[in-house]
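Trainee: I have some wording to check against the cut-offs. Can we go through it term by term?

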Amino acid sequence: MKTWFASLNGTIMISAIALLSFIGYTLMEMRYYLEKWIPGDTAAIVEAIVILLIVGGWLWALFAARDGRRGGLIALLALSLFAILIALYDMQFVLYSPMPWPEQTMIFVMLGLAILAVAVLASSLRRSKAAD
């Protein structure tokens, strides 16, 4: 199992699962909070475009990493770090205000998977640098 995590396929799979958790998190955010904070159609369009750009970039990075490009791994690492920052920011709301349990669950799931993805990606990048 340790070997699979260290392989390129394992790294890409963990990153893809982290992407799915990010998508789940954004769906929960849209469902519970964004409409209340920023109502209106224009806000919904801007939110959708931003999420589509992030998810599109994440997919590009997955395909680039699968093709063996180091830039794809670096982009996956940056996007996973971004997901960690979002989850850590949202922890203040988990700790100090009532929050629906599905939203809380997705924050913890995204945080855990993003941390795992960062660890696996950092290891993979270190190995690929040593191989160069």
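Trainee: What lines the largest pocket, and which residues lie nearest its centre?

Mentor: Its lining has 16 residues, with Tyr 25, Glu 29, Leu 34, Ile 51 and Ile 86 nearest the centre. The model is predicted: local features need pLDDT of at least 70, side-chain atom pairs need 80 or more, and totals for chains, interfaces and linings use all residues. Residues are numbered from 1 along each chain as its sequence is written, and side-chain values use heavy atoms, without hydrogens or water.

Trainee: How much space lies in the largest pocket?

Mentor: About 310 Å³. That is the space filled by probe spheres set on the grid points, which are joined across faces, edges and corners.

Trainee: Which helix gives the most to the lining?

Mentor: α2, with 7 residues. α2, α3 (41-66) and α4 each supply at least two. Helices here are DSSP runs of H or I, at least four residues, while strands are E runs of at least two, numbered from the N terminus. The protein chain has 5 helices and 0 strands.

Trainee: What is the lining by class?

Mentor: It has 12 nonpolar, 1 polar and 3 charged residues. Nonpolar covers Ala, Val, Leu, Ile, Met, Phe, Trp, Tyr, Cys and Pro; charged covers Asp, Glu, Lys and Arg; the others, Gly among them, are polar.

Trainee: Why is Glu 103 called buried?

Mentor: Because its relative accessible area is 0%, and buried means under 20%, exposed over 50%, partly exposed in between (1.4 Å probe, protein chains only). Glu 103 sits in helix α5 (residues 101-131). Leaving aside neighbours within four places in sequence, Glu 103 contacts Tyr 25, Met 28, Glu 29, Tyr 32, Tyr 33 and Asp 90. Contact means heavy atoms within 4.5 Å.

Trainee: And what makes Arg 31 exposed or buried?

Mentor: Arg 31 has 61% relative accessibility, so it counts as exposed. Arg 31 is found in helix α2. Over the protein chain, 40% of the 132 residues are buried.

Trainee: How are the axes of α2 and α4 placed?

Mentor: The axes of α2 (residues 8-37) and α4 (residues 70-96) come within 11 Å and cross at roughly 35 degrees. Axes are lines fitted to C-alpha atoms, for helices over the stretch in contact; angles run from 0 to 180 degrees between N-to-C directions. Leu 8, Thr 11, Ser 15, Phe 22, Tyr 25 and Glu 29 in α2 meet Leu 73, Leu 76, Ile 86 and Asp 90 in α4. This contact divides into 6 nonpolar, 2 polar and 2 charged.

Trainee: What is the hand of the α2 and α4 crossing?

Mentor: Left-handed. The near helix is turned anticlockwise from the far one by less than a right angle; clockwise would be right-handed.

Trainee: At what angle do α3 and α4 pack?

Mentor: About 145 degrees, with axes 7 Å apart. That crossing is left-handed. Its residues divide into 13 nonpolar, 4 polar and no charged.

Key: 1 Å grid on protein atoms, 1.4 Å probe; cavity = no way out; pocket = protein on both sides within 12 Å on 5 of 7 lines; lining within 4 Å.
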